[in-house]
Amino acid sequence: MKILIIEDEKVLADSLKLMLQSKGFEADAVYDGESGEQYAMLNIYDLIILDIMLPKQNGYQVAKHIRQQHNSVPILMLTARSDIDDKVHGLDSGADYYLTKPFDARELLACVNALLRRQGSQVNELGFGNTRLDMESASLICGDNSVRLSAREFEVMRMLMASGTNHISKETLLTKVWGYDSNAVENHVEVYVGFLRKKLVSIGSDVRIEAVRRLGYHLECDGKC
Ligand code: CA
């Protein structure tokens with residue numbers, strides 16, 4: 001698996017590169033938007049990690065140009081901005097997923113694995129607490145118990161697991177799972193979180209979906225997470 005990092009903060013770019021290499025990925029780092037686009041067009045990467053604020057060409061432009069070439073490589077956008085307009089703009093430009101800085105290495109790896117999985121690559125589950133989310137069967141598994149999720153429940157759970165103890169806002173869930181031009185409202189997110197809570201309890205999971213006013217949701221568990 002080959003990953004391209006386009007990030008002008010060299011310390012961050014290089015540490016991401018080392019971290020990904022330590023997990024068995026091949027990784028290249030470039031430090032401006034123009035080189036980033038040239039590298040991306042080589043079509044040799046399985047995933048691109050793309051910053052937004054970049055010299056020469058910003059991340060939105062890079063993503064847009066990549067998609068204009070009908071290149072469907074997964075793009076994970078890194079942003080210091082958490083404003084919904086920026087996220088919508090990023091997704092509109094062709095990004096598949098967002099991570100807001102600062103993020104931790106586990107969160108990044110979970111996203112990388114989830115995106116590669118979507119491309120038909122190797123990683124087939126996410127885990128939190130005593131519970132696993134099996135990507136193949138869209139099931140939550142805890143010990144010998146398991147429960148199937150509907151497509152929307154699965155997408156919401158996948159994003160919650162990828163974020164883990166970090167908050168994920170209702171707007172982000174709404175945008176990513178329902179699409180930003182759908183008629184769904186935040187209440188839909190609450191309803192699906194309710195379904196997921198019941199399913200977690202039904203399999204004896206120690207994972208709890210906690211809601212924090214204005215910040216959104218995060219996961220907690222009773223054991224060691
Ligand atoms: Ca930057």
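At the start of helix H2, a side-chain oxygen of Asp32 comes within 2.9 Å of the backbone nitrogen of Glu34. The model is predicted, and local features need pLDDT of at least 70, side-chain atom pairs count only at pLDDT 80 or more, and totals for chains, interfaces and linings use all residues. Residues are numbered from 1 along each chain as its sequence is written, and side-chain values use heavy atoms, with hydrogens and water left out.

Helices (H or I, at least four residues) and strands (E, at least two) are DSSP runs, numbered from the N terminus. In H2 (residues 33-40), the buried residues are Gly33, Gly36, Glu37 and Ala40. These residues lie on the same side of H2, because they cover an arc of only 95° around the axis, the arc being that of the directions from the helix axis to the C-beta atoms. Buried denotes under 20% relative accessible area, exposed over 50%, and partly exposed in between (1.4 Å probe, protein chains only). An α-helix has 3.6 residues a turn, so residues three or four places apart point the same way. The cover over the buried residues of H2 includes strands S1 (2-6), S2 (26-30) and S3 (47-51) and helix H3 (59-68).

Glu37, located in H2, has a relative accessible area of 17% and is therefore buried. Apart from neighbours within four places in sequence, Glu37 is in contact (heavy atoms within 4.5 Å) with Gln57, Val62 and His65. The side chains of Glu37 and Gln57 are joined by a polar contact of 2.7 Å. A polar contact is a pair of N or O atoms within 3.5 Å; within protein, one must be able to donate a hydrogen and the other to accept it, and residues adjacent in sequence count only if both atoms are side-chain atoms.

The calcium ion is coordinated by Asp8 (OD), Asp51 (OD) and Met53 (O), at 2.1 to 2.3 Å. Distant parts of the chain are linked here: Asp8 lies in the loop between S1 and helix H1 (10-22), and Met53 in the loop between S3 and H3, 45 residues apart. Donors are N, O and S atoms within 2.8 Å of the metal (3.2 Å for Na, K and Ca); water is not among the atoms, so sites may look incomplete. Asp8 is partly exposed, at 30% relative accessible area, whereas Met53 counts as exposed at 52%.

Strands are taken to pair if DSSP finds at least two bridges between them. Four bridges join S6 to S7 (residues 131-134), with Glu125 having Asp134 of S7 as its bridge partner. Three bridges join S7 to S8, where Leu133 stands opposite Leu140. S7 and S8 form a hairpin with four residues between them, and Ala138 in the turn has a positive phi of about 50°. S8 is joined to S9 by four bridges, and Ile141 stands opposite Ser146 in S9. The hairpin of S8 and S9 has two residues between the strands, and Gly143 takes a positive phi near 55°.

From S8, Ser139 and Ile141 point one way and Leu140 and Cys142 the other, and all are buried. Thr131, in S7, is buried at a relative accessible area of 1%. Beyond four places in sequence, the contacts of Thr131 include Leu126, Ile141, Met161 and Leu200.
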